[in-house]
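Please look over the sequence and the model shown here before reading on. The briefing that follows treats the overall architecture, then the helix packing, then a few individual residues.

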Amino acid sequence: TQFFANVGIPLAGFFAVLVGMIEFFGGISLLVGFLTRYAAALIAAVMIVAIWKVKLGSGLINGYEFELSLLAGAAALMLSGAGNLSVEKMLIKKEI
């Protein structure tokens, strides 16, 4: 939480827990393919804030290139949705 406060994020304790939960549960959701578009949107939002608040001043190389690649992957999953072997397709028979 101290890191979040140092970079100027208000309610640092709340957002530190929220970001941790989004990254953990969102990652699991993407891995198994359940609520893929929603999880990808949340992870994309976290990456946008990470680039904007923390990494933007460092430049692209050795700066925000990793977060930018995660953002691009999340955007691709938002557009394409879950694949044929996803839990979403097996249980619900359609994408959510």
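**Overall architecture**

Read from one end of the sequence to the other, the protein chain has the pattern α-α-α-α-α, with five helices and zero strands; helices (H or I, at least four residues) and strands (E, at least two) are DSSP runs, numbered from the N terminus. This is a predicted model, in which local features need pLDDT of at least 70 and side-chain atom pairs count only at pLDDT 80 or more, while totals for chains, interfaces and linings use all residues. Residues are numbered from 1 along each chain as its sequence is written, and side-chain values use heavy atoms, with hydrogens and water left out.

- Taken along the principal axes, the C-alpha atoms of the protein chain fill a box of roughly 45 × 30 × 15 Å.
- Of the 96 residues of the protein chain, 27% count as buried, where buried means under 20% relative accessible area, exposed over 50% and partly exposed in between (1.4 Å probe, protein chains only).
- Among contacts (heavy atoms within 4.5 Å) between residues at least 6 apart in sequence, 48% join residues at least 24 apart.

**Packing of α3 with α4**

- Two packed helices are described by the angle between their axes and the distance between the axes.
- Helix α3 (residues 36-55) and helix α4 (residues 60-80) pack at an angle of about 155°, with their axes 8 Å apart; axes are lines fitted to C-alpha atoms, for helices over the stretch in contact, and angles run from 0 to 180 degrees between N-to-C directions.
- The two helices α3 and α4 are therefore roughly antiparallel to each other, given that angles under 35 degrees count as roughly parallel, over 145 as roughly antiparallel, 65 to 115 as roughly perpendicular and the rest as oblique.
- The residues that meet in this pair include Ala 40, Ile 43, Ala 44 and Met 47 in α3, and Leu 68, Leu 71, Ala 74 and Met 78 in α4.
- By class, the contact of α3 with α4 has 16 nonpolar, three polar and three charged residues; Ala, Val, Leu, Ile, Met, Phe, Trp, Tyr, Cys and Pro count as nonpolar, Asp, Glu, Lys and Arg as charged, and the others, Gly among them, as polar.

**Packing of α2 with α3**

- The axes of helix α2 (residues 12-32) and α3 come within 9 Å and cross at roughly 140°, and α2 and α3 are therefore oblique to each other.
- Among the residues that meet here are Ile 22, Gly 26 and Ser 29 in α2, and Ala 39, Ile 43 and Met 47 in α3.
- By class, the contact of α2 with α3 has nine nonpolar, four polar and one charged residues.

**Individual residues**

- Arg 37, found in helix α3, is partly exposed, with a relative accessible area of 27%.
- Arg 37 and Met 78 are 41 residues apart in sequence, yet their C-alpha atoms are 4.5 Å apart in space, and the side chain of Arg 37 reaches the backbone oxygen of Met 78 at 2.8 Å.
- Ser 29 lies in helix α2 and is buried, with a relative accessible area of 12%; not counting residues up to four places away in sequence, Ser 29 touches Phe 34, Leu 35 and Ala 39.
- Ser 86, found in the loop between α4 and α5 (87-92), is buried, with a relative accessible area of 5%.
- The side chain of Ser 86 reaches the backbone oxygen of Gly 83 at 2.9 Å, and, leaving aside its neighbours within four places in sequence, Ser 86 is in contact with Val 32 and Gly 33.

Terms used:
A polar contact is a pair of N or O atoms within 3.5 Å; within protein, one must be able to donate a hydrogen and the other to accept it, and residues adjacent in sequence count only if both atoms are side-chain atoms.
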